[in-house]
Amino acid sequence: MNWITKIIKAGEKIKTAIKERASKEDIANSDWTSCCKGPILKKDLEQNLFVCPDCNKHHYISPTQRFDIMFGKGNWNKIESGHPPPDPYEWKDTKKYTDRLRDAKKITGQDNAILSCETKINDIDVVVSAVNFKFIGGSISMAEGENVLTAVDKAIEKKCAYIFISASGGMRMMTNILSLMQMTRMTVGINELRKNNLPYIVIATSPTTGGLTASIASISDVCIGETGATWAFAGRRIVENTEKSQLPENFQTVEWAKEKSGQIDMILDRKDIHPTLGTLLSILLKKNSVITSEQNETAEDSQSLTKVAS
Ligand SMILES: [Zn+2]
């Protein structure tokens with residue numbers, strides 16, 4: 001075999017390997033995913049709330065999966081919101097924006113990146129919004145801003161707490177300044193909750209980044225970080241290049257933010273989020289107390305939390 005034949009054969013092997021590599025669709029439709037110990041059945045992971053039993057990695061879940069886990073299937077009602085003009089700039093990059101939107105709707109089954117619902121926690125009314133990272137990276141545009149404001153209005157109407165579950169790459173560049181304006185709109189919405197003395201709680205899941213961290217995710221009364229979640233504004237490489245220094249391993253995680261900046265109040269595993277929300281809401285709204293006599297010694301903390309929310 002001369003060297004030309006060898007190169008041709010090697011090329012054919014590479015071609016076959018590329019062809020045989022699973023596509024994103026294949027991975028999504030497969031019964032298997034992977035974690036620290038290699039392949040793991042998705043149904044095994046699901047039984048553990050999509051958290052790896054070996055390394056405690058919290059795998060991504062969609063808003064629908066999260067609502068089903070937290071509140072139970074059929075125990076939450078979707079809040080519909082308006083449909084602003086989707087593509088005022090008629091944006092096109094490698095693909096038309098309208099095509100990206102069509103694909104995102106098909107993949108997620110959502111009209112926009114945010115899913116909001118009315119439900120109860122510990123028998124207390126709440127309005128909850130969650131961002132779907134699979135919808136154009138959980139980016140925020142006019143429809144998402146509209147969804148948040150509709151959910152906030154509902155919380156004010158029901159005189160209940162508002163919970164925002166974040167997972168986003170930031171504002172959506174395809175709608176330019178109109179996306180950036182949503183940071184202000186959402187902040188104004190949260191201020192309306194404040195005027196009505198209603199608690200606002202954020203659950204930062206992975207990844208919470210960009211304009212979302214710079215607006216609605218950072219202005220809560222209580223901010224819960226889901227174990228191991230990314231919490232950042234600019235990307236790690238940008239910060240590294242600016243600082244010209246080695247950053248710590250856990251930089252831009254909720255654990256790091258809790259320790260260094262105080263932006264995160266507590267870190268919780270997925271399974272502990274719902275019961276903790278029940279306790280927090282009982283304290284903040286003075287309803288359906290779940291505080292036992294042994295926990296009365298934490299009354300001082302409760303008073304300070306109530307003060308924070310008022
Ligand atoms: Zn693992």
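**Note on the predicted model**

1. Helix α6 (residues 142-158) packs against helix α7 (residues 176-195) at an angle of about 5°, their axes lying 9 Å apart, where helices are DSSP runs of H or I of at least four residues, numbered from the N terminus, and where axes are lines fitted to C-alpha atoms over the stretch in contact, with angles running from 0 to 180 degrees between N-to-C directions. The two helices, α6 and α7, are therefore roughly parallel, a term that covers angles under 35 degrees. The contact (C-beta atoms, placed from the backbone, within 7 Å) involves M142, E144, G145, V148, L149, V152, A155 and I156 of α6, and L178, Q182, R185, M186, G189, E192 and L193 of α7.

2. On provenance, this is a predicted model, in which local features need pLDDT of at least 70 and side-chain atom pairs count only at pLDDT 80 or more, whereas totals for chains, interfaces and linings use all residues. Residues are numbered from 1 along each chain as its sequence is written.

3. The chain averages a pLDDT (the predictor's confidence in each residue, from 0 to 100) of 90, and 91% of the residues score at least 70. Over residues 305-310, however, pLDDT stays under 50, and the model has nine contacts beyond four places in sequence for that stretch. Where pLDDT is low, the predicted coordinates should not be read in detail.

4. Of the 310 residues in the chain, 34% are buried, that is, they have 20 or more other C-beta atoms within 10 Å of their own, against 12 or fewer for exposed residues and a count in between for partly exposed ones. Leaving aside residues up to four places away in sequence, V126 touches T119, K120, I121, C160, A161, I163 and L281.

5. Helix α9 (residues 236-243) lies largely in the open, because the number of buried residues among its eight is zero. Just after α9, K244 takes a positive phi of about 55°.

6. The peptide bond from S206 to P207 is cis, with omega near -10°, and P207 lies in strand β7 (residues 200-208). N176, in helix α7, has a positive phi near 50° and is partly exposed, with 14 other C-beta atoms within 10 Å.

Notes. Contact = placed C-beta atoms within 7 Å. Parallel < 35°, antiparallel > 145°, perpendicular 65-115°, else oblique.
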